[in-house]
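Open the viewer and keep the sequence panel beside it. This tour goes stop by stop, from the whole chain down to single residues.

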Amino acid sequence: MKKFYKDGLRFSCKQCSRCCGTSPGFVYLSKRDLQYLCDFFKLSVKEFVERYCRWADYYGGKTVLALCEQENYNCILWNNGCTAYEARPVQCSTYPFWNWMIEDEKTWNECAKDCPGINNGNLHSAAEILGRSFAYTANVPITKEEVLSLY
């Protein structure tokens, strides 16, 4: 089956912050994400987790690490821009090329209603889209047990 994005898709972030807040959600962190963020902020795992994270229920009954939200639902790392952009989690850097968002053209265009950058701006190749989708899917959240073992 041919992908609807075989000729690429347009996306350029408009820095509207809609994907970084305004409604409840989760930014799940993988072991890679956690290490990058700890290095970026020059904090130990324990310090970073206590300052920026929360525990979240995940599929299969797991408890995993996620970033906290501010009272207005913005990501804790959002302050008129991502304060950790260079070390942002894979979930953030692969948006909007998440597997479920690129499943079909209807879903993609539905997502565009909430994101002014979708269908606008730079053309991303099918190979890049697939690469980001794979990176998103492969980025498994770190469990509570795994985090605590790093303390």
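**Before you start**

This is a predicted model, in which local features need pLDDT of at least 70 and side-chain atom pairs count only at pLDDT 80 or more, while totals for chains, interfaces and linings use all residues. Residues are numbered from 1 along each chain as its sequence is written, and side-chain values use heavy atoms, with hydrogens and water left out.

**Stop 1: the whole chain**

Show the chain as a cartoon. It has 6 helices and 4 strands. Both are DSSP runs numbered from the N terminus: helices are H or I with at least four residues, strands are E with at least two. Trace the chain along its sequence and the pattern reads β-α-α-β-β-α-α-β-α-α.

Now zoom out. The C-alpha atoms fill a box of roughly 45 × 35 × 25 Å, taken along the principal axes. How does the radius of gyration agree with that of a compact globule? For 151 residues such a globule would have a value near 15 Å, and the chain has 16 Å, which agrees. The radius is taken over C-alpha atoms, and the globule rule is 2.2 Å times the number of residues to the power 0.38.

**Stop 2: surface and inside**

Buried residues make up 39% of the 151. Buried means under 20% relative accessible area, exposed over 50%, and partly exposed in between (1.4 Å probe, protein chains only).

Next, look at contacts, meaning heavy atoms within 4.5 Å. Among contacts between residues at least 6 apart in sequence, 70% join residues at least 24 apart.

**Stop 3**

Select Cys53 and Cys68. Cys53 counts as buried because its relative accessibility is 10%. Cys68 is buried too, with a relative accessible area of 19%.

**Stop 3: a cis bond**

Go to Pro96. It sits in the loop between helix 3 (90-93) and helix 4 (105-112). The peptide bond from Tyr95 to Pro96 is cis, with omega near 5 degrees.

**Stop 4: positive phi**

Select Gln15, in the loop between strand 1 (9-11) and helix 1 (31-41). Its phi is near 55 degrees, a positive value in a residue other than glycine. Is Gln15 buried or exposed? Gln15 is exposed, because its relative accessible area is 65%.

Then pick Asn80, in the loop between strand 3 (62-67) and helix 3. Asn80 is not a glycine, yet it has a positive phi of about 55 degrees. Asn80 is exposed, with a relative accessible area of 74%.

**Stop 5: a buried loop residue**

Finish at Thr143. It lies in the loop between helix 5 (126-138) and helix 6 (144-148). At 13% relative accessibility, Thr143 counts as buried. Show its surroundings: leaving aside neighbours within four places in sequence, Thr143 is in contact with Lys62, Thr63 and Val64.
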